[in-house]
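Dear colleague,

Please find below the structure that I am handing over to you, together with its sequence. My findings follow, and I would be grateful if you would read them with the model open.

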Amino acid sequence: MKKDDCIFCKLANGQIPTNTIYEDDDFRVFLDAAPATRGHCLIVPKEHFDDLEDLDDKVAAKVLPLAKKIMKLLKEKLGWEGFNVVQNNKELAGQTVFHFHMHLIPRYSGDGQNILWKPGKPAEGELQSILDEINS
Ligand code: 5GP
Ligand code: ZN
């Protein structure tokens with residue numbers, strides 16, 4: 001299914017031109033318009049899914065093998081030294097385009113990016129209590 005008002009449906013299906021580096025029956029991989037680093041690209045399914053929660057399992061199973069393939073291609077062509085895979089779900093977590101996509105972000109020394117989180121300091125017993133809640 002495609003969604004009429006969705007920009008990524010149009011980009012993934014070629015209705016709007018993109019800087020495409022890879023395409024198959026299920027996905028288009030194109031350069032992010034506001035790249036964090038050189039070669040920052042997005043894996044975008046041609047079908048519409050809002051986010052990972054909504055993503056079809058058969059499509060989901062193809063995403064990581066594709067990420068690995070593109071990662072290898074970018075290493076050969078651009079020579080990255082590190083690599084971040086980022087996938088945001090829901091506005092609270094930084095998702096701005098509500099069509100599932102995975103960010104592939106090559107990293108280079110001195111690229112000025114900092115795609116990390118602030119480590120927390122759990123209180124005594126907090127991890128156990130979270131574990132109990134999840135496993136209950
Ligand atoms: P999110 O914040 O949803 O995880 O990521 C959305 C990404 O899509 C952003 O990095 C943004 O730069 C990129 N983006 C948004 N609109 C367009 C567009 O029209 N073309 C391309 N190539 N990238 C886009
Ligand atoms: Zn869409």
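A polar contact is a pair of N or O atoms within 3.5 Å. With that cut-off in mind, please look at H103, where an N or O atom in the side chain lies 2.8 Å from an oxygen atom of ligand 1. Please keep in mind throughout that the model is predicted.

The surroundings of ligand 1

Two further contacts of ligand 1 involve the backbone of the protein. At T96, a backbone N or O atom is 2.7 Å from an oxygen atom of the ligand. At G94, a polar backbone atom is found 3.0 Å from an oxygen atom of ligand 1. On its own, ligand 1 has 520 Å² of accessible area, and the protein covers 77% of it.

Which residues are the closest to ligand 1? They are L31, D32, N88, T96 and H103, out of 15 residues that surround the ligand.

The protein as a whole

The protein has 136 residues, and 33% of them are buried. Its secondary structure consists of three helices and five strands. In sequence order, these elements follow the pattern α-β-β-β-α-β-β-α. The C-alpha trace spans about 55 × 40 × 25 Å along its principal axes.

The accessible surface of the protein amounts to about 9,100 Å², and carbon and sulfur atoms account for 54% of it. A further value concerns the contacts between residues at least 6 apart in sequence: 54% of these contacts join residues at least 24 apart.

Finally, I would draw your attention to K90. Where in the chain is K90 placed? It belongs to the loop between β4 (82–86) and β5 (102–107). Most residues other than glycine have a negative phi. K90 is not a glycine, yet its phi is positive, at about 75 degrees. Is K90 buried, partly exposed or exposed? Its relative accessible area is 39%, and K90 is therefore partly exposed, since that term covers the range between under 20% for buried and over 50% for exposed.

With kind regards,
A colleague

Notes:
Residues numbered from 1 in each chain as written. Chains lettered and ligands numbered in written order. Predicted model: local features only at pLDDT ≥ 70, side-chain atom pairs only at ≥ 80, totals over all residues. Heavy atoms only, no water. Near = heavy atom within 4 Å. Polar contact = N/O pair within 3.5 Å; in protein donor to acceptor, adjacent residues only side chain to side chain. Areas by Shrake-Rupley, 256 points an atom, 1.4 Å probe, with all protein chains shown as cover. Helix = DSSP H or I, 4+ residues; strand = E, 2+ residues; numbered from the N terminus. Buried < 20%, exposed > 50% of the residue type's maximum accessible area, 1.4 Å probe, protein only. Contact = heavy atoms within 4.5 Å.
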